[in-house]
Amino acid sequence: MNDVRVIEVKENILADNDKEAQILREKLKSDKTFLMNLMSSPGSGKTTTLLRTVENLKEEIKIGIMEADIDSSVDAQTMADAGVKSIQLHTGGMCHLDAAMTEQGLNELNYSGLDLVVLENVGNLICPAEFDTGASKNVMILSVPEGHDKPLKYPLMFSKVDALIINKIDVAPYFDFDMDKLREYVGKLNKKVKIFPISAKTGEGVSEWTNWLLNEVRAWQKLDL
C-alpha cells in the first residue's frame, strides 16, 4: 500500500497569514493608522457600540469603519447614515476575515488620513479568534444576555483580546449575570485584558471605553518603526 501524504493545510495557512498580518501592521504603523478588530456574537450590540464610540471621538480623530458580514449591507449603511466613512465587506460565506481580506478592505476604504479604522468582524466567537487581521488591538463585546460563562465555552477568543466590552449592563437586573464570576473566568485566560462594562443604549460607561481607545490610538501614532 502506498503511503498517503498528509498536508497540514490549516497550519500553513495560519503561518502565511501571520506573516501577512505583521507586514500589514507595520504598514499601518508607518501610515499612523490604528486598526481595531472588533469581534462578538451576533446581537451583542457591535453597531450600536460603534455609533456611541464615533459620537464620543469624532471631534478628536478621523474614523473609518469596515463592516464584515456574510451578506447584506445594513450595518455599513447605518454607519454611513451617521456620517462615518464606511464600506461593507462580504466574505462569501466565510466566518472570519484574515490579513489579506482586511488589507483589501482597507484599500477599498481608502484609509489614508484616517487615525482609526474599525474592522467589525463577522459575528461569531470561534473563527475570528484564529486569524490575525493585522490589527493594532483586538477588542471583543460580550452582552449581558449571553451570560457570564462564555469564557469557559470560548476560551481562545477571550485569551486573544486586549479589551473586553461588557454591553447591555442596563438590563443586568433581568438576567442571571455575575460580573465577578466573569472577571474571574477571564482573568484565568488573560491577565492583561481591560474590561469595560457599558450600556451602548444609555451611554453608561462609554466614556471610560473611548478614553482608553483614544489613548491607544495616540500611543500607536507615536510609536517608532
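This is a predicted model: local features need pLDDT of at least 70, side-chain atom pairs count only at pLDDT 80 or more; totals for chains, interfaces and linings use all residues.
Let's start with helix H4, which spans residues 99–109. Its buried residues are Ala99, Thr102, Gly105, Leu106 and Leu109. Viewed down the helix axis, these buried residues fall within an arc of 120°, so they line one face of H4. Turn to the other side of H4 and you will find Gln104 and Glu108, which are exposed.

Now look at the two ends of this helix. Following H4 comes Asn110, a residue with a positive phi, near 60°.

In soluble globular proteins, nonpolar side chains tend to be buried together. The largest nonpolar core in this model has 27 residues, and those touching the most other members are Met36, Leu116, Val139, Trp209 and Leu213. Several elements give two or more residues to this core, among them strands S1 (34–40), S2 (63–69) and S5 (137–143), along with helix H2 (46–57). Helix H8 (206–222) is another of these elements, and the largest share of the core, seven residues, comes from H8.

Leaving aside residues up to four places away in sequence, Val139 touches Met36, Asn37, Leu38, Met39, Val161, Ala163, Ile165, Trp209 and Trp212. Finally, there is a second, separate core of 17 residues, which includes Ala129, Leu164, Phe177 and Leu182.

Note on methods: Residues are numbered from 1 along each chain as its sequence is written. Side-chain values use heavy atoms; hydrogens and water are left out. Buried means under 20% relative accessible area, exposed over 50%, partly exposed in between (1.4 Å probe, protein chains only). Helices (H or I, at least four residues) and strands (E, at least two) are DSSP runs, numbered from the N terminus. The arc is that of the directions from the helix axis to the C-beta atoms. A nonpolar core is a set of buried Ala, Val, Leu, Ile, Met, Phe, Trp, Tyr and Cys residues joined through side-chain atoms within 4.5 Å. Contact means heavy atoms within 4.5 Å.
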